[in-house]
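Please look over the sequence and the structure below.

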Amino acid sequence: MERERYPGVLWLLPIFWGFTGGIIAAVIAGCAFRDSWWELFFIGIIVQVLWVVSIFLSWSWLLSTIHF
């Protein structure tokens, strides 16, 4: 069986939905297009980690500026 490249629009799922979008895009790429899925899954994990770190840093900055 020959591999088909998945459409570039699948990159939008992990970029905007993070880990969940990465899983969905990986399943679509693996099943429907029989293509490599790991890069979509990996980008979803990276985006999710970046969101969590940015939220943590923004809350820590916010709490450090408030004087009780």
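Helices here are DSSP runs (H or I, at least four residues), numbered from the N terminus.

This is a predicted model: local features need pLDDT of at least 70, side-chain atom pairs count only at pLDDT 80 or more, and totals for chains, interfaces and linings use all residues. Residues are numbered from 1 along each chain as its sequence is written, and side-chain values use heavy atoms, with hydrogens and water left out.

Which residues of α2 are buried? They are Glu39, Leu40, Gly44 and Val47. Buried means under 20% relative accessible area, exposed means over 50%, and partly exposed is in between (1.4 Å probe, protein chains only). The buried residues of α2 pack against α1 (12–31).

Take Gly44, in helix α2. Leaving aside neighbours within four places in sequence, Gly44 is in contact (heavy atoms within 4.5 Å) with Pro14, Gly18, Phe19 and Gly22. Gly44 and Trp11 are 33 residues apart along the chain, and their C-alpha atoms are separated by 9.1 Å.

Ile45 is also found in helix α2. Ile45 and Ala25 are 20 residues apart in sequence; C-alpha to C-alpha, they are 12 Å apart in space.

| Residue | Relative accessibility | Class |
|---|---|---|
| Gly44 | 0% | buried |
| Tyr6 | 6% | buried |
| Trp11 | 28% | partly exposed |
| Ile45 | 28% | partly exposed |

## Aromatic rings

How many aromatic pairs does a search of the whole structure find? It finds 3. One of them joins Tyr6 and Trp11: the pair is tilted, with 6.3 Å centre to centre and 55° between the planes. Rings of Phe, Tyr and Trp (its six-membered ring) pair if their centres lie within 6.5 Å; planes under 30 degrees apart count as stacked, over 60 as edge-to-face and the rest as tilted.

Tyr6 also has a charge over its ring. Arg5 lies over the face of Tyr6, at 5.0 Å from the ring centre. The rule asks for NZ of Lys or CZ of Arg within 6 Å of the ring centre and within 35 degrees of the ring normal.

Elsewhere, Phe19, Trp37 and Phe41 form one aromatic cluster. Phe19 is also among the contacts of Gly44.

Terms used. Helices (H or I, at least four residues) and strands (E, at least two) are DSSP runs, numbered from the N terminus.
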